[in-house]
Amino acid sequence: MFANVPTVLTPLRAGLLLVLAVLLAVLAPTAPGAAAAGEPETGAGRTGAEVVAVTRVADRQVDLSVRSPALGGRTVDVRLLTPDGWNPHDRRHRQHWPTLWLLHGCCGDYTSWTSMTDVAETDSLRDVLVVMPEAGWNGWYSDWWNHGQGGDPAWETFHTKELRRLLERDWGAGSNRVVAGLSMGGQGALLYAARHPGMFKATAAFSGSAHPLLNEESIDRIMGFFAGQDNDPLRVWGDPVAQRRIWQAHDPFHLAERLRSIPVYLSCGDGTTGPLDPPGATSALEADFNRQNHALAAELKRVGARHLTTNFYGPGTHGWAYWERELHASLPMLLGALGVDD
């Protein structure tokens with residue numbers, strides 16, 4: 001079928017074809033959110049995510065609405081607390097900023113950190129891009145098992161692959177990252193640092209679910225969270241006996257070896273009335289997580305963790321006043337890992 005095509009081009013024709021190819025390359029439109037060179041666009045482990053709306057909600061606070069293949073094509077929001085001088089649309093002088101990922105807890109959302117703490121007024125974060133992603137009411141920072149079928153929701157894939165690539169390509173995030181979180185997000189911070197070696201230079205967990213397989217009480221408690229909003233609790237990690245391997249793969253205690261080389265900050269109260277609580281307040285949840293954190297700390301020491309900091313401060317319940325305090329207490333470690341002065 002190519003019999004009439006000459007096998008040798010004349011110099012004039014070759015020159016014209018070269019000019020035409022250059023013009024086509026220059027004039028061809030680039031789709032917004034298109035993948036970087038060599039980056040696949042769709043499918044498992046591929047970016048595919050796109051920003052469909054941008055909302056400036058306050059000084060230095062921008063919300064991105066992101067459509068995610070890992071979440072079944074749904075759109076979820078991500079709040080950015082931006083550094084001074086942040087301008088991701090300046091293509092000629094684009095800067096990539098050290099990045100702190102702040103993960104919310106169960107029953108919260110991407111607005112929790114800015115609405116419940118003074119993070120937006122913290123001067124030491126003015127040279128850092130803070131990423132606060134939606135993770136679902138009870139998403140548990142995991143790609144759900146869904147009875148062996150996988151698929152939506154895949155929060156871990158959304159955060160560590162889709163969103164990370166999107167932010168680093170188009171929104172000024174750098175590859176210099178640390179991660180922190182509270183409660184469910186504390187578990188997420190530990191899991192992401194352990195399950196993605198090299199992605200985060202340090203991790204901090206405040207009242208985190210640090211060892212959900214500690215005992216039957218711990219298992220029953222997290223299964224209760226999994227069942228929230230009328231969810232089938234087995235969708236998340238499966239049955240704790242039949243799918244034990246999946247549970248262990250999402251239990252920071254069983255991943256301690258992978259955390260031994262990076263700075264780790266663990267803090268928790270003991271569930272009794274503390275200085276930042278109303279009189280008589282107690283928390284069985286905090287008491288459980290306190291036991292889990294002590295177990296993880298002991299395991300980290302056993303495997304030779306090099307940079308472990310703990311603040312098991314005794315009296316204190318499961319509340320924002322403590323988590324705000326602990327964020328500030330951990331910032332010197334987190335920012336130090338980023339090479340940013342506190």
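**Close-up views of a predicted model**

The model holds 14 aromatic pairs, where rings of Phe, Tyr and Trp (its six-membered ring) pair if their centres lie within 6.5 Å. Planes under 30 degrees apart count as stacked, over 60 as edge-to-face and the rest as tilted. This is a predicted model: local features need pLDDT of at least 70, side-chain atom pairs count only at pLDDT 80 or more, and totals for chains, interfaces and linings use all residues. Residues are numbered from 1 along each chain as its sequence is written, and side-chain values use heavy atoms, with hydrogens and water left out.

**View 1. Trp 86 and Trp 171 form a stacked pair.** The ring centres of Trp 86 and Trp 171 are 6.5 Å apart and the planes meet at 20 degrees, so the pair is stacked. Trp 86 sits in the loop between β3 and β4, and Trp 171 in the loop between α3 and β6. The pair therefore ties together parts that are 85 residues apart in sequence. Helices (H or I, at least four residues) and strands (E, at least two) are DSSP runs, numbered from the N terminus. Trp 86 is buried at 14% relative accessibility. Trp 171 is buried too, at 8%. Buried means under 20% relative accessible area, exposed over 50%, partly exposed in between (1.4 Å probe, protein chains only).

**View 2. Phe 226 and Trp 247 form a tilted pair.** Their ring centres lie 5.9 Å apart and their planes make 55 degrees, so the pair counts as tilted. Phe 226 belongs to helix α5 and Trp 247 to helix α7 (residues 244–249). The two residues are 21 residues apart, and the pair links distant parts of the chain. Phe 226 has a relative accessible area of 0% and is buried. Trp 247 is likewise buried, at 0%.

**View 3. Ring pairs build a cluster, and an arginine lies over a tyrosine.** Trp 113, Phe 206, Tyr 265, Trp 320 and Trp 323 are linked into a cluster by ring pairs. Arg 325 lies over the face of Tyr 313, at 4.6 Å from the ring centre. A charge sits over a ring if NZ of Lys or CZ of Arg is within 6 Å of the ring centre and within 35 degrees of the ring normal.

**View 4. An open sheet of 9 strands has mixed pairing.** The strand order is β1-β2-β3-β5-β4-β6-β7-β8-β9. Two strands pair if DSSP finds at least two bridges between them. β1 (50–58) and β9 (308–314) stand at the edges with a single partner strand each, so one side of each lacks a neighbour in the sheet. From one strand to the next, the twist averages 20 degrees. Helix α4 (residues 184–195) packs on the sheet and touches β4 (97–103), β6 (173–182), β7 (203–206) and β8. The direction of α4 makes about 140 degrees with that of β6. Axes are lines fitted to C-alpha atoms, for helices over the stretch in contact, and angles run from 0 to 180 degrees between N-to-C directions.

**View 5. β4 pairs in the parallel sense with β6 and with β5.** β4 is mostly covered, with 7 of its 7 residues buried. It pairs with β6 over 6 bridges, and Leu 103 has Gly 181 in β6 as its bridge partner. The pairing of β4 with β5 uses 3 bridges, and Trp 101 has Val 131 in β5 as its bridge partner. Strand β3 (residues 74–81) runs antiparallel to β5 (residues 129–133), joined by 4 bridges. There, Val 78 is bridged to Pro 133 of β5.

**View 6. Ser 267 is buried in strand β8.** Strand β8 covers residues 264–269. At 0% relative accessibility, Ser 267 counts as buried. Leaving aside neighbours within four places in sequence, its contacts (heavy atoms within 4.5 Å) are Ala 205, Phe 206, Ser 207, Asn 293, Asn 311, Phe 312, Tyr 313 and Glu 326.

View 7. Most residues other than glycine have a negative phi, and most peptide bonds are trans. Asp 152 and Pro 153 are joined by a cis peptide bond, with omega about -5 degrees. Tyr 141 is buried, at 0% relative accessibility. Gln 229 is exposed, with a relative accessible area of 59%.
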